[in-house]
Each structure stands twice: as structure tokens, then as C-alpha cells.
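Have a look at the model before we start.

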Amino acid sequence: MAFLFDSFEGWKKYSDEQHLSLVDVVLEYEETQKGHNADDTRKGLMKAWLVMKDAVHTGLEEDMTSRSGMINNGAKKVYRYPKAVLSREFQQLIARALAAKEVNSCMGRVVAAPTAGASGIMPGVLYTLQEIHQIEDSKIIDAMLISAGIALIMEQKASIAGAVGGCQAETGTAAAMGAGAIVYCLDGNTEQIFNGVAITVQCMLGLVCDPVAGLVEIPCVVRNASAAAIANSSAQIALADVSSVIPVDEVIEAMGEIGASMETRYKETALGGLAATKTGQAIAKRVLIRDIEILPDEQMPA
Ligand code: SF4
């Protein structure tokens, strides 16, 4: 019987008892639960990794104007801006996370990791990590397996959907996946990987889902950039052996509790937060009127 990814403590215990690495435990789960052998799983992840890199390139090279007009080539502007706030690498991290997410907002091809709304975080994080540290693709694939294990547990203990747990569940989970992947790639141990996850989620607790006009554009795109930054800051902290104090399983339970008590208007309904602002409402009205105007006659309501 494979480990069913219901807690971080259990993942570590199972891996210690079975003398398997954290990565092997995920591969075993894929094999026994989904019927994919290790080779097929790795091949599938390689394809996903190529799509992620492609999304970064597309977002930085092609026109990224969304139908609503709210997204308008922001990633390229950030990438080309002559002044770096911290370093050129940080600027690139932010631009890449924006780029891949803009591709999603413009209906391009992305990897939902774990959701389309959070699809810029893992590409931004992994692309930049690989470039800075010259990490082999095979190690990136193993890191993605670690991320998959993290998401499996978060889905069971809390949620990975904005409609269920708010944006903390979507961008928070993706950032946790990214932090775990960074710590793993930079040779952190199990405790440090889990600390990276816990610290990331501590920084993202309570984030509501309030997309303007119900479109996954504002604030989603910029939140992908900030989540990528938090993944990196948390990994930096965890690698230095700074403890999250609250164990990772308890942090994820807190995320679940906050998500469950969040009001419905903050769960992708576009009824609260930024979506409910004066400007947010005006944009929603404009988008709706335009969509009705372009409906062919036969689709018009009677
Ligand atoms: S605001 Fe909502 S729709 Fe946008 S990324 Fe966050 S969870 Fe997804």
C-alpha cells in the first residue's frame, strides 16, 4: 500500500521506514494510484516542464493583451526595465512569473500547477532557479515530484482551489510547491523542505480570491509574481535552518480553517474585495456589455 499523502509528517515517516526518498514515495503513489510507472511519470513531467518554459518565452516575446484589456504586456515591461530593484535575477524572476501567467490570461497554453490561476509561479521559480544554479533538467523533474507531493497534501488538508479556500489555496499552494522545489534543488534536507513550505504558507494565509469581472487577470497576474518572490524568500529562510516554529501540517490545517471560514464573496464569486470596488464594478459592466454586443443574433436572449 502506497503512502496516500495525507500529512507531511506521514510522508517523512513513510520515507524513513521504507528507506525511500521523498521523490520515490511520490513515484510509488503515481504507480499504485494512477498506474503510471516512474519512467512515464518523469516523461510526463518533462513535457510539463517544456510547456512551462515555453509559456515564459511566449509571455516575454509575443503580444500579451487580454480580451478585457486589463492585461497588457506587463511582463515584457518588467523584463526590459533598465533599473533593477534588487538584482537582475530578481527582476527576471518577477517578469517570468508574470509572463507565464499572462499567457494563461490571454488563453495560451500553460501548466496548471496546481491551477491555471497560479500557473506563472512554478515556471518563474524553476526557470530562474535553473538558470542561476545551472540545475539539470532531471533534478528539476525530481523537484517537480516534491512539489506534487506538497500539493497532494495541501489539497487533502486544506484546498488548492480559490473557489473553496480563497487565493491562499491557489497562489499559496503554488508558492509552497515552488519553495519546496527550491530547497530540494539546493540540497536542503526534508526538514528544511517542509519548513520552506510552512514559512511560505504562513506568509500567504488569509489571501482572498477576488478577481475583477470574474476574469483570472486582476489581481491574479501580479499575485503570481509576489507568490514567486515569497517562495524564494521562504526558501532562503528555510535553507538557513530557521524553523517555521508551527509545524507544517498545523500551518496547512490553519489554511484549511481560514478557507472554510472565509465569506463566499471572497471565493471567486467576484462579489467582494477588488472585484467589488467602484472601478472593478465598472470594468465588469464594460466586459459584460461588450460580450453581449459581440454575441451572434441567434445566441441573444429572447
Ligand atoms: S484571485 Fe482567485 S482566480 Fe485569481 S489567482 Fe487568486 S484564487 Fe485564482
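Q: What does the UniProt record say about residues 17-275?
A: The unreviewed UniProt entry annotates residues 17-275 as "domain: Serine dehydratase-like alpha subunit". Bear in mind that we're looking at a predicted model. In that model the span is 66% helix and 0% strand, and its end C-alpha atoms sit 49 Å apart.

Q: How do you know what kind of secondary structure the protein chain has?
A: Count the elements: there are 13 helices and 0 strands. Reading from the N terminus, you get α-α-α-α-α-α-α-α-α-α-α-α-α.

Q: Why is the protein chain called as compact as a globular protein of its length?
A: The globule rule gives 19 Å for 302 residues, and the radius of gyration of the chain is 19 Å, so the chain is as compact as a globular protein of that length. Along the principal axes, the C-alpha atoms fill a box of roughly 65 × 45 × 35 Å. Buried residues make up 49% of the 302. As for contacts with a separation of 6 or more, 76% of them link residues 24 or more positions apart.

Q: What surrounds the ligand, and which residues are closest?
A: The shell has 14 residues, with Gly117, Gly162, Cys167, Cys209 and Cys220 the closest. By type, the shell splits into 7 nonpolar, 3 polar and 4 charged residues.

Q: Which residues of α6 are buried, and what covers them?
A: The buried ones are Ile121, Met122, Pro123, Gly124, Val125, Leu126, Tyr127, Thr128 and Leu129. Their cover includes α3 (38-61), α5 (88-105), α7 (137-157), α9 and α11.

Q: Why is Ile94 called buried?
A: The cut-off is 20 or more other C-beta atoms within 10 Å. Ile94 has 26, so Ile94 counts as buried. You'll find Ile94 in helix α5, where its contacts beyond four places in sequence are Val78, Ala225, Ala228 and Ala229. Ile94 and Ile121 are 27 residues apart in sequence, with 9.2 Å between their C-alpha atoms.

Q: What makes Val26 buried or exposed?
A: Same test: Val26 has 27 other C-beta atoms within 10 Å, so Val26 is buried. Val26 belongs to helix α2 (residues 22-34). Leaving out residues up to four places away, Val26 touches Leu145, Ala148 and Gly149. Its C-alpha is 9.9 Å from that of Ser15, 11 residues away along the chain.

Q: Why is Asp187 called exposed?
A: Asp187 has 8 C-beta neighbours inside 10 Å, so Asp187 counts as exposed. Asp187 sits in the loop between α9 and α10. Its phi is positive too, about 65°, and Asp187 is not a glycine either.

Q: How do you know whether the bond joining Ala113 and Pro114 is cis or trans?
A: Omega tells you: it is about 0°, and the bond is cis. Pro114 lies in the loop between α5 and α6.

Q: What about the peptide bond from Ile218 to Pro219: cis or trans?
A: Omega is near 10° there, and that bond is cis. Pro219 is in the loop between α10 (190-204) and α11. Most peptide bonds are trans.

Note on methods
Residues numbered from 1 in each chain as written. Predicted model: local features only at pLDDT ≥ 70, side-chain atom pairs only at ≥ 80, totals over all residues. Helix = DSSP H or I, 4+ residues; strand = E, 2+ residues; numbered from the N terminus. Rg over C-alpha atoms; globule rule 2.2 N^0.38 Å. Buried ≥ 20, exposed ≤ 12 C-beta atoms within 10 Å, placed from the backbone. Contact = placed C-beta atoms within 7 Å. Near = placed C-beta within 6 Å. Nonpolar A, V, L, I, M, F, W, Y, C, P; charged D, E, K, R; others polar. UniProt positions renumbered as here; feature names shortened; annotations may be inferred.
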